[in-house]
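Please keep the sequence and the model in view while reading.

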Amino acid sequence: MNDLDAKAANVLGAVGLLVAGAVREAVTGVVGAGGVLGEALIAIKDQPGRTADWLASVLRISQPGSAHLVRRLTEAGWVQRGTARDGRSRPLRLTEAGERVAADALAARQAVLAQLSERLTRRQRQELVEIADALLGPEARTEQLLAELCRLCDRDSCPRCPVHAGWLRVCGRDGGGWDGGDS
């Protein structure tokens, strides 16, 4: 590895920490608690009807952790559990209050990311999109990874999502943008 390769890898890690920290702080400010509450709200908003087990896998938390999280979300009035189809797996949906909090969390996320990206020139932002396409597209090897990578995304801001396009390529379909219905 030469000096440029080492520096590129190192600064990529630092940028990742900067972005993750800024997003977490913004979302936590809206949700009122740290941890995965905001991520859970946005994931459920994005894919309503999924179960607590699915949520646990997307957020990479344990089953007991997921049960506790869903209980907190339910007690806050943000999530409702549907009727189980198989007697045990209950689909999760946001309530109206949950929809509002999720929308506010996404807006806070978008604001902090816009603030960071405004530091870049228009050309640099275009290069950033191209770099993100190159880094993210190949990562969506499974539906699980697609959900994990996009668990805090505002799908409306990214009509040609590189993660979803990568997932479509894995599935042998056109690598077009996110259409909201394939995962």
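## Burial and packing

Glu 148 is buried, its relative accessible area being 9%, where buried means under 20% relative accessible area, exposed over 50% and partly exposed in between, computed with a 1.4 Å probe on protein chains only. This is a predicted model, in which local features need pLDDT of at least 70 and side-chain atom pairs count only at pLDDT 80 or more, while totals for chains, interfaces and linings use all residues. Residues are numbered from 1 along each chain as its sequence is written, and side-chain values use heavy atoms, with hydrogens and water left out.

Glu 148 belongs to helix H7 (residues 143-149); helices (H or I, at least four residues) and strands (E, at least two) are DSSP runs numbered from the N terminus. Leaving aside neighbours within four places in sequence, Glu 148 is in contact (heavy atoms within 4.5 Å) with Ser 57, Val 58 and Arg 60. Arg 60 itself sits in the loop between helix H3 (52-59) and helix H4 (63-75), and its phi is near 60°, a positive value in a residue other than glycine. Most residues other than glycine have a negative phi.

Gln 80, in strand S1 (residues 79-81), touches Pro 91, Leu 92, Arg 93 and Thr 95, not counting residues up to four places away in sequence. Gln 80 and Leu 94 are 14 residues apart in sequence, yet their C-alpha atoms are 6.2 Å apart in space.

| Residue | Relative accessible area | Class |
|---|---|---|
| Glu 148 | 9% | buried |
| Gln 80 | 44% | partly exposed |
| Arg 60 | 63% | exposed |

Which residues of H5 are buried? In H5 these are Gly 98, Val 101, Ala 102, Ala 105, Leu 106, Ala 108, Arg 109, Val 112 and Leu 116. Seen down the axis of H5, the buried residues fall within an arc of 160°, so they line one face of the helix, the arc being that of the directions from the helix axis to the C-beta atoms. On the other side of H5, Glu 96, Arg 100 and Gln 115 are exposed. The cover over the buried residues of H5 includes H1, helix H2 (37-46) and strand S2 (92-94).

Helix H1 (residues 3-31) and helix H5 (residues 96-117) pack at an angle of about 145°, with their axes 8 Å apart; axes are lines fitted to C-alpha atoms, for helices over the stretch in contact, and angles run from 0 to 180 degrees between N-to-C directions. Among the residues making the contact are Leu 18 and Val 19 of H1 and Asp 104 and Arg 109 of H5.
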